[in-house]
Amino acid sequence: MHHALQLASQAEVLDEVPVGAVIVKENELVGAGFNQPISGNDPTAHAEIVALRDAAQRLDNYRLVGCTLYVTVEPCTMCVGALIHARIKRLVFGTTEPKAGAVVSAIRTLDQKFYNHRIEVEQGVLADECRAIISEFFSRKRAAGKSLTP
């Protein structure tokens, strides 16, 4: 999770929402990413999606069986769907996302019975640090009267 926090800081430098993600398989880093939908003009370029793409390329397989994804903030619906399709084994996230979190907060996507893949979930890893980086980012945005949209 420490590495994911470092990646979140890279997103923040680009004025992106500071979220970072890494994927690990057998104690080896196989994928990494940070939010870049604004700088990349790509609405799907969430940290989790970028990390999934990186891991799939490195492993030469779109199925990431046996992999764990670590992400600083609870994933949204799009990202949870991608984790299911990639067959991620385990999801570990830092802080919840009350407005759009799709694991335990706004909607419990992984609890849906119709999915044929189950993901183990652990939450609250380095929660204070993960919460702080995103909270401080939005506090600065509000204080500056800035919007995330161009």
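Analyst: A pocket here is an open set of grid points with protein on both sides within 12 Å along at least five of seven lines. Its volume is the space filled by probe spheres set on those points. The model is a predicted one.

The largest pocket holds about 630 Å³ of space. Its lining counts 26 residues. Val17, Val73, Glu97, Ile134 and Phe138 lie nearest the centre. By class, the lining splits into 13 nonpolar, six polar and seven charged residues. Helix α4, residues 127-144, gives the most to this lining, with five residues.

Now the aromatic pairs. A pair of aromatic rings is described by the distance of the centres and the angle of the planes. The count comes to two aromatic pairs. Phe114 and Tyr115 form a tilted pair, 4.7 Å centre to centre with 50° between the planes. In the other, Phe137 and Phe138 have ring centres 5.2 Å apart. Their planes stand at 80°, and over 60 degrees counts as edge-to-face, so this pair is edge-to-face.

Tyr115 is partly exposed, at 25%. Phe137 is buried, because its 3% relative accessibility is under 20%. Phe138 is partly exposed, with a relative accessible area of 29%. Phe138 is also one of the residues nearest the centre of the largest pocket.

The backbone oxygen of Val17 lies 3.2 Å from a polar atom of the Asn35 side chain. Asn35 sits in the loop between β2 (28-34) and α2 (47-59). Its side chain also has a polar atom 2.8 Å from the backbone nitrogen of Ala47. Asn35 counts as buried, because its relative accessibility is 9% and the limit is under 20%.

Which residues does Asn35 touch, leaving out those up to four places away in sequence? They are Ala11, Glu16, Val17, Val19, Ala45, His46 and Ala47.

Note on methods: Residues numbered from 1 in each chain as written. Predicted model: local features only at pLDDT ≥ 70, side-chain atom pairs only at ≥ 80, totals over all residues. Heavy atoms only, no water. 1 Å grid on protein atoms, 1.4 Å probe; cavity = no way out; pocket = protein on both sides within 12 Å on 5 of 7 lines; lining within 4 Å. Helix = DSSP H or I, 4+ residues; strand = E, 2+ residues; numbered from the N terminus. Nonpolar A, V, L, I, M, F, W, Y, C, P; charged D, E, K, R; others polar. Phe/Tyr/Trp six-rings, centres within 6.5 Å; stacked < 30°, edge-to-face > 60°. Buried < 20%, exposed > 50% of the residue type's maximum accessible area, 1.4 Å probe, protein only. Polar contact = N/O pair within 3.5 Å; in protein donor to acceptor, adjacent residues only side chain to side chain. Contact = heavy atoms within 4.5 Å.
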